[in-house]
Amino acid sequence: MLALVQRVKKAGVFSESGKKAFIGKGLIVYLGVKREDTEKHAFSLASRILNARLFDQEDKSFEKSVIETEYSIMVISQFTLYADTKRGRRPDFGKAMKAEDAKKLFDFFFEKIREGVPSAQKGDFGAHMDIEYINDGPVSILYEEV
């Protein structure tokens, strides 16, 4: 399981179904699920992200977690994180979990995130989305749960 985590000042998601979600200061998490992932991976990754010290405190960088700051999180499904680009010009997404099973793990991951951050929002799984955000820093960190 991969998560590209970016610190943001604000974020908004607009999907083709008309769903809209917004957060203020916090994190945007692009989540990729691979074929071998389980709820154990999702639980561990959610815990790591919730407790990661990614926010500044006064004169110290990377001192507080999203929970400690009471900021929010936006979670977006992103199977393209598992693109294999070693050959050819077209990415191969064979490592990504099939959508039906990936949605279950995505939803499980999101519920664990929401337990720590009740204001958390999510994108529309499997939908085409327009995502707007202002990156804060920029800070972008890749988390992998194996």
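**Exercise 1.** Find what joins the side chains of K112 and E115, and say where both residues lie.

*Solution.* Keep in mind that this is a predicted model.
- Step 1: The side chains of K112 and E115 form a salt bridge, with 3.1 Å from N to O.
- Step 2: E115 has a relative accessibility of 57%, so E115 counts as exposed.

**Exercise 2.** Stay in helix 3 and describe the pair K103 and D107.

*Solution.* 
- Step 1: A salt bridge links the side chains of K103 and D107, at 2.8 Å from N to O.
- Step 2: Along helix 3, K103 and D107 are four residues apart, about one turn of the helix.
- Step 3: K103 has a relative accessible area of 35%, so K103 is partly exposed. D107 is partly exposed too, at 22% relative accessibility.

**Exercise 3.** How many salt bridges are there by the distance rule, and which parts does the pair R7 and D136 tie together?

*Solution.* 
- Step 1: The count comes to nine salt bridges.
- Step 2: In one of them, the side chains of R7 and D136 meet at 3.6 Å, N to O.
- Step 3: R7 is in strand 1 and D136 is in strand 8 (residues 129-144), so this pair ties together parts that are 129 residues apart in sequence.
- Step 4: Are R7 and D136 buried or exposed? Both are buried.
- Step 5: Salt bridges with shared partners join R7, K25, D56 and D136 into one network.

**Exercise 4.** Count the aromatic pairs, then work out what kind of pair F55 and Y71 form.

*Solution.* 
- Step 1: There are four aromatic pairs.
- Step 2: The ring centres of F55 and Y71 are 4.9 Å apart and the planes stand at 75 degrees, so the pair is edge-to-face.
- Step 3: F55 lies in strand 4 (residues 55-57), and Y71 in the loop between helix 2 (66-69) and strand 6, so the pair ties together parts that are 16 residues apart in sequence.
- Step 4: F55 is buried, with a relative accessible area of 3%, whereas Y71 is partly exposed at 25%.
- Step 5: Now look at F79 and F93, an edge-to-face pair with 5.0 Å between centres and 70 degrees between planes. Both F79 and F93 lie in the loop between strand 6 and helix 3, so the pair ties together parts 14 residues apart in sequence.
- Step 6: F79 is partly exposed at 48% relative accessibility, and F93 is partly exposed at 29%.

**Exercise 5.** Which residues touch the most other members of the largest nonpolar core, and which elements each supply at least two of its residues?

*Solution.* 
- Step 1: This core has 28 residues, and L31, I49, I73, V75 and F109 touch the most other members.
- Step 2: At least two core residues each come from strand 1 (2-15), strand 3 (26-32), helix 1 (39-51), strand 6 (72-77) and helix 3 (99-116).
- Step 3: Helix 3 gives the largest share, six residues.
- Step 4: Pick I49 and set aside its neighbours within four places in sequence: I49 is then in contact with A3, V5, L27, V29, V66, F109 and Y143.
- Step 5: Apart from this core lies another, of ten residues, including A11, V13, A21 and I23.

Terms used. Residues numbered from 1 in each chain as written. Predicted model: local features only at pLDDT ≥ 70, side-chain atom pairs only at ≥ 80, totals over all residues. Heavy atoms only, no water. Core = buried A, V, L, I, M, F, W, Y, C linked by side-chain atoms within 4.5 Å. Buried < 20%, exposed > 50% of the residue type's maximum accessible area, 1.4 Å probe, protein only. Contact = heavy atoms within 4.5 Å. Phe/Tyr/Trp six-rings, centres within 6.5 Å; stacked < 30°, edge-to-face > 60°. Salt bridge = Lys/Arg side-chain N within 4 Å of Asp/Glu carboxyl O.
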